[in-house]
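Q: I would like to learn how to read the packing of helices and strands in a model such as this one. Could we go through it feature by feature?

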Amino acid sequence: MGAREDEYDYLFKVVLIGDSGVGKSNLLSRFTRNEFNLESKSTIGVEFATRSIEVDGKTIKAQIWDTAGQERYRAITSAYYRGAVGALLVYDIAKHLTYENVERWLRELRDHADQNIVIMLVGNKSDLRHLRSVPTDEAKLFAERNGLSFIETSALDSTNVETAFQNILTEIYRIVSQKQIRDPPEGDVIRPSNVEPIDVKPTVTADVRKQCCQ
Amino acid sequence: MRATIEFEECLKDSPRFRQFVSKEESDIEHLEQRLEKIIKLCNVAVDSGKEYVKNQSAFAMSLWDLQQHFLDNKNAHNALGKLIHCFQEMNKFHTTLLDQASRTVLKNLTVFVKDDINQVKDYKGHFLKVSEGYDNALIKNAQASKNRPQEVQEAANILAASKSCFQHTALDYVNYITLAQSRKVPSILSTLLDYYQACVTYYHQGFDLCNDFDEFFKNISEDLNALRGDYQQLEKVMQNRHMSVNRYCDSNTNSSSNKIEGYLFKKKSKGFKTWCRRWFYLSDNQLVYSDLDSHCRKRSNEDSFSVMEEDLRICSVRPVNEGDRRFCFEVISPTKSHILQADSADMLSLWISALQHSIGAAIQHDATHNSRPQSTNMPNALPAKRRIHWEEFLKIPGNAQCCDCRSQDPRWASINLGITLCIECSGVHRSLGVHYSKVRSLTLDAWETENVKVMMELGNEVVNRIYEARVGDDCELKRPTEQCEIGVREAWIKAKYVERRFVCAMPKPQELLASETAEVLSIDSGGVADEGGSGGGGSNVFGKHATLPLGGTRKWAVKKLRRRRQQRSLPKTLSDDPSIYNTAKTGDELDEDDDDESINIPSMSLSISRDDLLVIGDDLGLDRYETPCILGSDQESTEGESDPELPEEVPFTQLDANQLLYKASVVHNLPIMCMAFALGADKTWKNPQDRQRSFLHQAVISGSVMACEYLLLNGAVIDAVDELGYSALHISTAKGHIAQVYLLLKNKAAYDLASSDGKKALDIAVDQKNADIVTLLRLTRLNDEIGLNDEYNGEDETYKDVMKDFSNFAASQPRMLRQRNDSNTLESQRSSLTNSD
């Protein structure tokens, strides 16, 4: 292999799922192109974008699959979950229904994706403080109970978008690199016990948050 | 009997009498206390007994539950049933006993206490009162003054009365006491005796019950002994369990049988690329593995078994030495490669040899037993996937014989010609090059649905009507036979398909116009011995030259092919009619009410309808042939086939092979398309009168997947664009034909082609909000990008999976794809109207 610009050590496929209008496509565009579009259209079928990041001196190329949230714009196939090593399950902190549907999306992942898939629960639109309807603690608790990482982001003001992707890619990298070294006999162990869960602390200052939660 | 007091003592009211009375009173008191205690305790006993019985019956019920556990073991089930029955019977007896106890002991004793003892007690009060009255009378009498004789008299009277009363009462009292005392023994004893009897009955019943079951339980205990023996034997065998470790290793490495199964490490080709351990085995030429891992965890909600390779006959196996792991081998099929790892070097060689052996055996089996379907009675490992059996191909008219040499039971096919071939002829076809003939094995190759559809539309009989129409005119060539020399075969096949020497020439429009009756065709079936082909008989009776009275006919059209036509009466067989003018009673909308004016020439499939319209393709479709079940109605992927739409009419001046193919494509009439190719249609031709569109554009518009596939198989230019710069992919996208888009992409259509107004297929799909087509297009592009960047990885696994999904949908539920598409566009229209988001 020649020395290429886009040479990478790992290629990770990550899917973005969640209800329609929670901001999946904008999270993707913020992360890959640093763009945000207030009037973005519904995603049809599936879209992709890639970006490479560095973890432990290794180049990790993330191939991010942005899927349609609306049922009628989803393709008939569910094969695009296959091979995905990570999933960002996005909901809108200002729309409680999108949070309620998280369970449904989890089921979808369990049905179609690799059982090792690393899932991160993402409460997007954290900039809408005054409209918040999903308390951070509640979502955090839910994530803990279901073995998911958790973060709140805002694609609009960029809060935590970078961190979210960094964290999930790092977590995947930890698992994959560990597996490659140790090759445990049971290849399908869900999570090696010695992987420390990544505690994601929201970077938004707490006092600002408190004002709106009440 | 107790000594009672004499009545005299009572009458005298002697101290003895009083002593007696008080003694008896305390005696009865004592008795009463005892009896009350007995009653109380008996009550407790009965209550606790009832509790016991209740628990006992609950216990029995739990045994019934246990019995359900042994449903699969009839003996145990039976024995348990009887035992439980026995327990329950015993319990019933016990209930009876308790009932008896309460009825005898409690009731009798209570009655005794109430009646006899209480009577005594009651009477005691009366006696005391009377006795007091008597005492008072005595005192009064004694106090009576001598001076008052009246008083004395009165007192004496009272005394006398009191005395008499007292005496009577005393006697009565004594009577009660005596009676009570005398009755206590028989009462108590009889009560207890009754209870005893009840107990006796209880035990008797139990005894009888046990007697009844005696035989049975004796048998059970015998069985038990046998079982115990078995168990001990088993235990002994199990003691040697560790021996089997060594023995197993020996047998494993020594065994030469080709049956092998066991755990292998499988490298995932996607995702985490982890190794997982799966149970592999060979079944019905398939390499199958269990989806359960060694902890029986289900990996997915699908079938618990996955087929790794569907047909081992097209696979090869080789050891893999590169890579970090030891004992690896690779199973390679034309499309995939799987890395597997055995546990040891021995196991590795065992697996490799077993796989190779079974590959060989499968091919051999196929060669020797090929007339027998192999998998008919075997459970299909993939029930969801429709397997198309090659035998179905042979049911197509003419296909039971090789298309060229007529030898029986052909095993090969040319997928672009739509014919079956024997192995020798297939070899010659191969040598022609793939632009003439694409050869596939009926038995060894995996068949794509669209290829099957093309095969179903054509077949040897249809194709030979076209390619061997003029056999006999050209006599210098020898027709090949089953055992002929290779040279004969080669010459014939070359003449037939490359030079197309036996194809009827296209009727020249000029000639058609020039003469009233044009000599259109020369029909001679020559020495074609196609009795097997049921339709061949018709053409045999044709005269050498057929003429068409073309009167005012100035237009022609190609008939739409209807695969699912109703079985209709055949055109009157020509042998019945001395003239070649055959009345086509087709019952079709084209010539419903015509009779005399219609002409039908089956070999060229021309018919002239009452409107002086030359209809091409009326008869090539072989309507008597029932579509085999493998292409049932739900397999139909052709849209609008049932539209009663009149074919487009074209003036005779434009009748040539290209126009014919062009028109045939839009009505997806494969036999006529085949004929047009035979007549020399130009694969790269575009219609100057119709926006420079190609055949493929037409086929796309027809909505038919098989017409597209047929054109592509025969070398149509996939990316040809019309004058607006639209390619077939553009049009199929715009029309929302998912299955066609899939087909075009599979055939590597250029998806990035922009039309004159700068639109790419993806833009159209996004505009149309067709999620499936968008997904297909985007994925294909992504796959190409990955393919460019990732040299060793080749095709993306996800892409393959998605494409496979679409292929499955297109094959099994094309209607669903279509309806989905319809509803999608409908939805998108609706959403564009409301646009709530």
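Predicted model: local features only at pLDDT ≥ 70, side-chain atom pairs only at ≥ 80, totals over all residues.

Q: At what angle do helix α9 and helix α17 of chain B cross?

A: Angles of 65 to 115 degrees count as roughly perpendicular. The axes of α9 (residues 449–457) and α17 (residues 705–713) of chain B cross at roughly 90° and come within 9 Å, and therefore α9(B) and α17(B) are roughly perpendicular to each other. On the α9(B) side the contact is made by E450(B), N451(B), K453(B), V454(B) and E457(B), while α17(B) brings in V705(B), M706(B), E709(B), Y710(B) and L713(B). By class, the residues of this contact are five nonpolar, one polar and four charged.

Q: What is the angle between helix α18 and helix α20 of chain B, and how are they described?

A: Helix α18 (residues 728–735) of chain B packs with helix α20 (residues 761–768) of chain B at an angle of about 5°, their axes lying 9 Å apart. Because angles under 35 degrees count as roughly parallel, α18(B) is described as roughly parallel to α20(B). Here L729(B), H730(B), T733(B) and A734(B) of α18(B) meet A761(B), I764(B) and A765(B) of α20(B), a contact with five nonpolar, two polar and no charged residues.

Q: In what order do the strands of the open sheet in chain A lie?

A: Strands of a sheet pair through backbone hydrogen bonds, in either a parallel or an antiparallel way. In chain A, six strands form an open sheet with the order β2-β3-β1-β4-β5-β6 and mixed pairing. Its edge strands, which pair on one side only, are β2 (46–55) and β6 (149–152) of chain A, and neighbouring strands are turned by 25° against each other on average, direction ignored. Strands β1 (residues 10–18) and β4 (residues 86–92) of chain A run parallel and are joined by five bridges, with V15(A) standing opposite A87(A) in β4(A).

Q: Which strands of the sheet does helix α1 of chain A touch?

A: Helix α1 (residues 24–33) of chain A packs on the sheet and touches β1, β2, β3 (58–67), β4 and β5 (118–124) of chain A, its direction making about 40° with that of β2(A). Helix α4 (residues 136–145) of chain A lies across β5 and β6 of chain A, and runs at about 160° to β6(A).

How values were computed. Residues numbered from 1 in each chain as written. Chains lettered and ligands numbered in written order. Axes fitted to C-alpha atoms, helices over the stretch in contact; angles between N-to-C directions. Helix = DSSP H or I, 4+ residues; strand = E, 2+ residues; numbered from the N terminus. Parallel < 35°, antiparallel > 145°, perpendicular 65-115°, else oblique. Contact = placed C-beta atoms within 7 Å. Nonpolar A, V, L, I, M, F, W, Y, C, P; charged D, E, K, R; others polar. Pairing = 2+ DSSP bridges.
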